[in-house]
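Hi,

Here is the structure I promised to pass on. Have a look at it first, and then read my notes below.

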Amino acid sequence: MDVYALIGNPVEHSLSPPMHEAAYDALDIDARYVTFEPPEDGGAAAIESAATLGVAGLNVTIPFKQQVIEAVDPAPLAARIGAVNTVDFSTSPPTGYNTDATGVVRSFAHHGVSLSGTAVVVGAGGAGRATAFALADEGLTVHVVNRTESKARDLATAVADTGGDAEGHGLDALPDLLPGADLLVNATSVGMEEDASPVPADALHADLAVLDAVYSPIETRLLQDAAAVGATTIDGAWMLLFQGVEAFERWTGEDAPVDEMNDALRKRL
Ligand code: ATR
C-alpha cells in the first residue's frame with residue numbers, strides 16, 4: 001500500500017484526504033492519504049522524515065510551502081514562485097512542484113476559457129503569487145492589484161524579472177483595468193464567510209472569466225456579481241480540485257478521475 005500525506009498546521013479540516021481517496025477508489029489503487037501537523041518550523045525536517053518513511057507523495061500547505069523549498073529540487077515554476085505544495089519522492093532529492101499555480105490554469109482551461117490576453121489578479125499573498133506567475137507563464141499580460149500597492153508592485157517586478165509581462169497597482173486601479181481584461185482572479189480572502197467583494201460590481205462585464213479562490217461560501221459576492229453581468233464564473237472549489245488533480249497525476253503518472261474527485265470534494269463543501 002502507498003501512503004500519501006499532507007503537512008500543514010492546522011490540517012484538521014483539509015478536504016484533500018477524501019478527494020484523493022476518491023481517486024484511489026475510482027482507479028483501484030491500493031493507497032491511503034493521511035495528514036500530519038508538524039511544528040511551525042518543521043517543514044524541511046518533515047520532508048526528510050517523509051522520504052525516510054517511504055511516503056510516496058506529499059502535499060504541503062500553510063505555513064510550510066516556502067520552508068520546504070530547501071529540502072527539495074524545485075521545478076522551474078515552483079522555484080520562481082518560491083513555494084512548493086506538492087513533493088514527488090520518486091527522485092532524489094525529491095522534486096517540488098507548485099500545483100496551486102497549474103491548478104489555476106487548469107481551472108480556466110476546464111471551463112473552456114482561452115488562456116490569452118490580459119489577466120487581473122487581485123491579491124499579492126501566497127495565492128496571488130502562484131496565480132500571477134502561472135498566468136504570466138501562459139503568456140498573459142498580468143496586472144497584480146493589491147490593497148497594499150507596494151506588495152503588488154514587488155510581485156509584478158518578480159514576475160517581470162523572470163520574463164513575464166506584469167504590472168502592479170493599488171485597488172483603485174480596478175475600474176480602469178477591468179474593461180480591458182479577459183480573466184479576473186480573486187486571490188484575497190475578501191468574501192470568505194462574508195458578503196463582500198474586493199471588486200466593484202459595476203466594473204465587471206460579460207467578456208470576463210472570473211475565478212474566485214474563496215470557496216466558503218461557494219457562491220461568493222464576487223461570483224454573484226459576475227454572473228449577474230453574464231461573465232463566466234469559476235468557483236474556488238475548482239482551484240482546490242485541480243491542484244489535487246495535478247498532484248495526483250504527478251505522483252501516479254495516470255490521468256486523474258476528475259469527476260469522482262470533484263464529487264468527493266463538493267459533497268463536503
Ligand atoms: P494567501 O496565502 O491566501 O494569499 P495572505 O498571504 O495572507 O494569504 O494574503 C492575503 C491577501 O488578501 C493579501 O493580498 C491581502 O492584501 P494586503 O497585502 O494589503 O494585506 C488581501 N486582503 C486581505 N484582507 C483584505 C481586505 N479586507 N481588502 C483587500 N485585500 C485584503
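**Around Ser107**

Setting aside residues up to four places away in sequence, Ser107 touches Leu211, Ile234, Trp238, Met239 and Phe242, where a contact means heavy atoms within 4.5 Å. Before going on: this is a predicted model, so local features need pLDDT of at least 70 and side-chain atom pairs count only at pLDDT 80 or more, while totals for chains, interfaces and linings use all residues. Residues are numbered from 1 along each chain as its sequence is written, and side-chain values use heavy atoms, with hydrogens and water left out.

Ser107 sits in helix α4 (residues 99-110); helices here are DSSP runs of H or I with at least four residues, strands are runs of E with at least two, and both are numbered from the N terminus. Its relative accessibility is 0%, so Ser107 counts as buried (buried is under 20% relative accessible area, exposed over 50%, partly exposed in between, with a 1.4 Å probe and protein chains only). The Ser107 side chain also reaches the backbone nitrogen of Met239, at 3.5 Å. That is a polar contact: a pair of N or O atoms within 3.5 Å; within protein, one must be able to donate a hydrogen and the other to accept it, and residues adjacent in sequence count only if both atoms are side-chain atoms.

**Aromatic rings**

There are 4 aromatic pairs in the structure. Trp238 and Phe242 make a stacked one, at 6.2 Å centre to centre and 20° between the planes. Rings of Phe, Tyr and Trp (its six-membered ring) pair if their centres lie within 6.5 Å; planes under 30 degrees apart are stacked, over 60 edge-to-face, and the rest tilted. Both residues belong to helix α9 (residues 236-252), 4 residues apart, or about one turn of the helix. Trp238 is buried at 14% relative accessible area, and Phe242 is buried at 3%.

What lies over the face of Trp238? Arg266 does, at 4.7 Å from the ring centre; the test is NZ of Lys or CZ of Arg within 6 Å of the ring centre and within 35 degrees of the ring normal.

Ring pairs also link Tyr4, Tyr24, Phe248 and Trp251 into a cluster. Tyr24 is in helix α1 (residues 16-27) and is buried, with a relative accessible area of 1%. Its contacts beyond four places in sequence include Tyr4 and Phe248.

**The ligand**

The ligand is surrounded by 13 residues, the closest being Ala127, Asn146, Arg147, Thr148 and Lys151 (a residue is near if one of its heavy atoms lies within 4 Å). A ligand oxygen is 2.6 Å from an N or O atom in the Asn146 side chain. A polar side-chain atom of Arg147 is 2.9 Å from a ligand oxygen, and a polar backbone atom of Ala127 is 3.0 Å from one. The protein covers 64% of the 640 Å² of accessible area that the ligand has on its own, by the Shrake-Rupley method with a 1.4 Å probe; for residues, only the protein chains shown count as cover.

Most residues other than glycine have a negative phi, and most peptide bonds are trans. Asn9 and Pro10 are joined by a cis peptide bond, omega about 10°, and so are Ser216 and Pro217, with omega about 5°. Asp28 has a positive phi near 55°; it lies in the loop between α1 and β2 (31-36) and is exposed at 72%.

Cheers
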